[in-house]
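Subject: Structure handover

Hi,

Here is the structure I promised to pass on. My notes follow below it.

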Amino acid sequence: MFPINKNDYMQIPSLKDIVYNYISDSIQNGTLKAYDKINETDIVNTLNISRTPIREALIQLAAEGLLESRPRRGFVVKPLTIREAKDIYAIIGRLDAFAIELALPKLTDSDITLMSNLINKMYNSIKLRDFKAYYQQQLDFHNVYILKSDNSELIETLSRLRRRFVRQSYDSTDLEELSKALNNSNDEHSLIIKLIKQKDLIALKKLLIEEHWSLNYASNDTVY
């Protein structure tokens, strides 16, 4: 499991946001799994924050589908079904394609170099089986063009949807199969770079919608 460093959140002005990010990241990196109960006392002690912003964050996370409130149990991590994952994949693929459409005229050589360097880092992380590093690097890769879209609502919506995924697939016991799948995904990242250089928007959107966010991959992000 990947520990959360509370110091990562101390620069965020809102106490509710500190708690929100702490819990959200714990879900995404596998520290918290489906059906795990959120221990408010542990959060109070870990982050040295009162219960009021914690409750506010829990309510927001429940409204966004990451948690659910259960009688006599409090808040627990909500499982993500295959149907839900497929629905989210379909939305993300199209929003990601829209982001690349908005960003393509604005992407610079420096942006492309940064994305290319991240691809190399991802291949190395896969080789070392450092899947935590890979996960962050692939987020950074996509964020280069998502942020260049300059559409705040689009950026926030994509960020919120991606937080729904519980990356339990990164805890797979079949490391060879997992490494193969991630290498295939990173090959698609390389193709994205190639198409960006060619300014081929039609092919880029097709790749993102039909391949990179293929519904066939959705089962990797589900928890029952």
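This is a predicted model: local features need pLDDT of at least 70, side-chain atom pairs count only at pLDDT 80 or more; totals for chains, interfaces and linings use all residues.

**Overall**

The protein chain has nine helices and two strands. From the N terminus, the order is α-α-α-β-β-α-α-α-α-α-α. Of its 224 residues, 44% count as buried. Take the contacts between residues at least 6 apart in sequence: 72% of them join residues at least 24 apart.

**H4 against H9**

Two packed helices are described by the angle between their axes and the distance between the axes. For H4 and H9, the axes come within 8 Å and cross at roughly 155 degrees. The cut-off is over 145 degrees, and H4 and H9 are therefore roughly antiparallel to each other. Their crossing is right-handed. On the H4 side, the contact is made by Gly93, Arg94, Asp96, Ala97, Ile100 and Glu101. H9 brings Leu201, Leu204, Lys205, Leu208 and Ile209.

Which residues of H9 are buried? In this helix, residues 201-212, they are Leu204, Leu207, Leu208 and His212. Seen down the axis of H9, these fall within an arc of 90 degrees, so they line one face of the helix.

**H5**

H5 covers residues 109-128. At 1.5 Å a residue, its 20 residues should span 28 Å. The end C-alpha atoms are 29 Å apart, which agrees.

Its buried residues are Asp111, Ile112, Met115, Leu118, Ile119, Met122, Ser125 and Ile126. They cover an arc of only 135 degrees around the axis, which puts them on the same side of H5. They pack against H6 and H8. The face turned away from the buried side carries exposed residues: Asp109, Ser110, Asn120, Lys127 and Leu128. Just after H5, arginine 129 takes a positive phi of about 60 degrees.

Serine 125 lies in H5. Is serine 125 buried or exposed? Serine 125 is buried, with a relative accessible area of 5%. Leaving aside neighbours within four places in sequence, serine 125 is in contact with Asp130, Ala133, Tyr134 and Gln137.

Asparagine 186 is in H8. With 0% relative accessibility, asparagine 186 counts as buried. Not counting residues up to four places away in sequence, asparagine 186 touches Ile119, Met122, Tyr123, Ile126 and Tyr134. Of these, Ile119, Met122 and Ile126 are among the buried residues of H5. Tyr134 is also in contact with serine 125.

Proline 79 lies in the loop between strand S2 (74-77) and H4. Proline 79 is buried too, with a relative accessible area of 14%; the cut-off for buried is under 20%. Which separation goes with proline 79 and tyrosine 35? They are 44 residues apart along the chain, and their C-alpha atoms are separated by 6.7 Å.

Best wishes

Conventions
Residues are numbered from 1 along each chain as its sequence is written. Side-chain values use heavy atoms; hydrogens and water are left out. Buried means under 20% relative accessible area, exposed over 50%, partly exposed in between (1.4 Å probe, protein chains only). Helices (H or I, at least four residues) and strands (E, at least two) are DSSP runs, numbered from the N terminus. The arc is that of the directions from the helix axis to the C-beta atoms. The expected span of a helix is 1.5 Å times one less than its number of residues. Contact means heavy atoms within 4.5 Å. Axes are lines fitted to C-alpha atoms, for helices over the stretch in contact, and angles run from 0 to 180 degrees between N-to-C directions. Angles under 35 degrees count as roughly parallel, over 145 as roughly antiparallel, 65 to 115 as roughly perpendicular and the rest as oblique. A crossing is left-handed if the near helix is turned anticlockwise from the far one by less than a right angle, and right-handed if clockwise.
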